[in-house]
Amino acid sequence: MADFIKAFLLIFLAEMGDKTQLLAFAFATQYKTKQVLLGVMLGSFLNHGIAVAFAQLISSFANMDYLKIIAGLMFFIFGILSFKIDYDDEEEEEGKGKGLDPVATVALAFFVGELGDKTQLTAMTLGLESQLPWMVLAGTTLGMVLVSSLGIVVGRVMGKKIPEVTMKLIAGVVFILFGFTSLLGTVRLGLLDMRIFIGILIAVTTAVVFVFYRNGINRGIQRAAILERALARCRHCRVHSSECQVGMDIEAATKDYLGADIRYLGNLIRFFEDMKAVDPTKSAKISGKFDPGNC
């Protein structure tokens, strides 16, 4: 029991305010709490399990410093993926509730992120000293889960006050910073050439720019779909006045789509003419899917 308590306290105190909590905070903005905690537990268990069970073998065949390069690249990948925004709310909600992908993502992040880190080295040291290595593994894993829980609480509280898109952008920045610092550390150790490091940064920057470009395209597609659905609802609406909810929904969707205020009182021909005066291209994409005339 002493080994368990020692391992728990060392990991818990070592990771307070460290990247473990920030990672948990970042993932909490994207996935459900139980998915994040399960991923943390699996990733930490595997990482520390390897450390405890194969400490001598790993130290003989692998330089732990080189594993930081892999960790840095993984953080960059997670950051780029965090910047990708799904504008289809219905598919997003369904996707979050299905499959084990979020758990696998979190588990992989914590597994790779802790390779060669002080927590894994601590687990190795404690495992070599202890007569009950499984108690060490239980203590270190529980310490990681509890520290991550605190990060999740912070993420949930902030998530209720900050828009989801903003939280995703913050999470992406956190991951990118982790990747940058991880690879910069390998450069300082002479494990990674500066030219390769700069090339990676250029590639990451290009990927981020492309993701934001795609976000803009997807946002336009989503806004157009919302407007089309609102116009389709109008066909079943017999009230065309300033108080018509369907008409107000169409006007709101039009403003999101075109960035301009256009009145709608039930006449599609007049409505599409007003849209065309603002943006002929976007107007054609919508009007081409509807027959002219009144709804």
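**Surface patch.** I started with Met1, Ile5 and Leu9, which make a nonpolar patch on the surface. Together these three have about 300 Å² of accessible area. I'm working from a predicted model here. I placed Ile5 in helix α1, which covers residues 2-15. Is Ile5 buried, exposed or partly exposed? I got 40% relative accessibility for Ile5, so I put it down as partly exposed.

**Aromatic pairs.** Next I looked for rings of Phe, Tyr and Trp with centres within 6.5 Å. By that rule I counted 3 aromatic pairs. One of them is Phe27 with Tyr31: the ring centres are 6.0 Å apart and the planes sit at 20 degrees, so I noted the pair as stacked. Stacked needs planes under 30 degrees apart. I also checked cover, and both Phe27 and Tyr31 are buried.

Then I turned to Phe83 and Phe212, an aromatic pair that I logged as tilted. I read 5.4 Å centre to centre and 40 degrees between the planes. Buried or partly exposed? Phe83 has a relative accessible area of 7%, so I marked it buried. Phe212 comes out at 39%, so I marked it partly exposed.

**A charge over a ring.** Last entry: what lies over the face of Tyr257? I found Lys282 there, at 5.3 Å from the ring centre.

How values were computed:
Residues numbered from 1 in each chain as written. Predicted model: local features only at pLDDT ≥ 70, side-chain atom pairs only at ≥ 80, totals over all residues. Heavy atoms only, no water. Patch = residues over 30% accessible without salt bridge, like charges linked within 9 Å, V, L, I, M, F, W, Y side chains within 5 Å. Areas by Shrake-Rupley, 256 points an atom, 1.4 Å probe, with all protein chains shown as cover. Salt bridge = Lys/Arg side-chain N within 4 Å of Asp/Glu carboxyl O. Helix = DSSP H or I, 4+ residues; strand = E, 2+ residues; numbered from the N terminus. Buried < 20%, exposed > 50% of the residue type's maximum accessible area, 1.4 Å probe, protein only. Phe/Tyr/Trp six-rings, centres within 6.5 Å; stacked < 30°, edge-to-face > 60°. Lys NZ or Arg CZ within 6 Å of the ring centre and 35° of its normal.
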